[in-house]
Amino acid sequence: MATNFTTMDEKIQIGRVFSSMFGVIGRNPGVILGLSLLISGMPQALIQYYQVERFGINGIGPDFSQLPEYLTIVLSGVAIAIILGALLNAMISRAAIVDLSDGRASFGDCLSAALPAILPVIGIGILSGLAVAIGMIFLIVPGIYLWLGWSVAIPILIQERTGVFGSMSRSRELTRGNRWRLFALFLIIVVMVWIVQVAFGLLSFFGASLGQASLSLAVAAAINGTVSSVLITTAAAVSYIELRRVKEGTSIDELAQVFA
């Protein structure tokens with residue numbers, strides 16, 4: 001819902017981000033949960049189901065003759081995840097901005113806003129992913145710090161149309177002074193996702209013990225993929241909006257004018 005800030009303390013409030021995040025999800029369950037299930041959860045479930053049916057619950061084991069096929073499936077899954085993840089990030093960023101400006105997010109509207117941005121979003125994902133991976137290899141803290149600095153680059157790209165490098169630079173500027181608050185926010189989300197994964201991991205274990213390994217693991221993959229995508233992507237979009245509010249005094253109405 002549209003509000004204006006009269007003061008600029010330049011610090012986001014974690015509780016407020018969570019409140020806005022769950023508010024966006026709660027007001028748009030069909031769009032946000034539906035998109036995450038369709039674009040993230042279901043593909044993961046199908047890949048998981050095929051892997052277990054084809055190679056068994058323990059993978060290829062010592063049978064290296066199946067290695068080429070197994071690697072093909074894994075690499076195909078990674079490529080699909082990158083493309084669909086980019087689409088989902090863009091669509092949920094759009095949905096969050098529309099919702100918080102008192103609008104009503106729709107599948108068609110989110111898709112039309114996201115499609116032109118898929119390649120730049122993939123570019124941001126690849127560049128930031130490589131840099132963060134290098135940072136994590138040498139020293140863990142620099143990797144985390146880089147990731148936090150670029151954590152709102154995709155919502156910036158969708159909203160401000162600043163291109164790959166412009167969005168990454170803008171994200172570092174916008175997150176400056178709030179990165180460890182963002183770290184706390186995403187750490188809480190990671191714990192929440194982990195709890196869900198453990199819970200459904202236990203359920204899939206019981207399903208496997210009943211001879212339904214493929215189905216139970218596929219269901220767990222769908223739910224885990226959906227939940228993690230919903231929480232992480234919505235949190236990034238809402239964090240971007242909150243950062244602009246507290247650091248620049250920008251109202252949601254002003255943000256939404258781009259899509260008018």
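Start by selecting Arg170 and Glu248: their side chains meet in a salt bridge, 2.7 Å from N to O (a salt bridge being a side-chain nitrogen of Lys or Arg within 4 Å of a carboxyl oxygen of Asp or Glu). The pair links distant parts of the chain, with Arg170 in helix α8 and Glu248 in helix α10 (residues 213-248), 78 residues apart. Before going further, note that this is a predicted model, where local features need pLDDT of at least 70 and side-chain atom pairs count only at pLDDT 80 or more, while totals for chains, interfaces and linings use all residues. Residues are numbered from 1 along each chain as its sequence is written, and side-chain values use heavy atoms, with hydrogens and water left out.

**Around Arg170**

Arg170 is buried at 13% relative accessible area, while Glu160 at 22% and Glu248 at 30% are partly exposed (buried is under 20% relative accessible area, exposed over 50%, partly exposed in between, with a 1.4 Å probe and protein chains only). The whole structure holds nine salt bridges.

**Zoom out**

Color by secondary structure and you'll see eleven helices and zero strands (both are DSSP runs numbered from the N terminus: helices are H or I, at least four residues, and strands are E, at least two). Of the 260 residues, 45% count as buried.

**Over to α1**

Select residues 14-27 for helix α1. Its 14 residues reach 20 Å from first C-alpha to last, close to the 20 Å expected at 1.5 Å a residue (the expected span is 1.5 Å times one less than the number of residues). Its buried residues are Val17, Phe18, Ser20, Met21, Gly23, Val24 and Ile25.

Next, show Arg27 and Asp99, whose side chains meet in a salt bridge of 2.7 Å, N to O. Arg27 in α1 and Asp99 in helix α3 (residues 67-100) are 72 residues apart. Asp99 is buried at 5% relative accessibility, and Arg27 is partly exposed at 39%.

Phe18 and Phe22 are a stacked pair, 6.1 Å centre to centre with 15 degrees between the planes. Both are in α1, four residues apart, about one turn of the helix.

Then go to Trp147 and Phe186: the ring centres are 5.1 Å apart and the planes at 65 degrees, so this pair is edge-to-face. Trp147 lies in helix α6 (residues 140-149) and Phe186 in helix α9 (residues 179-209), so the pair ties together parts 39 residues apart in sequence. Phe186 is buried at 5% relative accessible area, whereas Trp147 is partly exposed at 38%. Also pick out Tyr145, Trp180 and Phe183, a cluster linked by ring pairs.

**Last stop**

Finish on Trp194, in helix α9, which counts as exposed at 53% relative accessibility.

How values were computed. Rings of Phe, Tyr and Trp (its six-membered ring) pair if their centres lie within 6.5 Å; planes under 30 degrees apart count as stacked, over 60 as edge-to-face and the rest as tilted.
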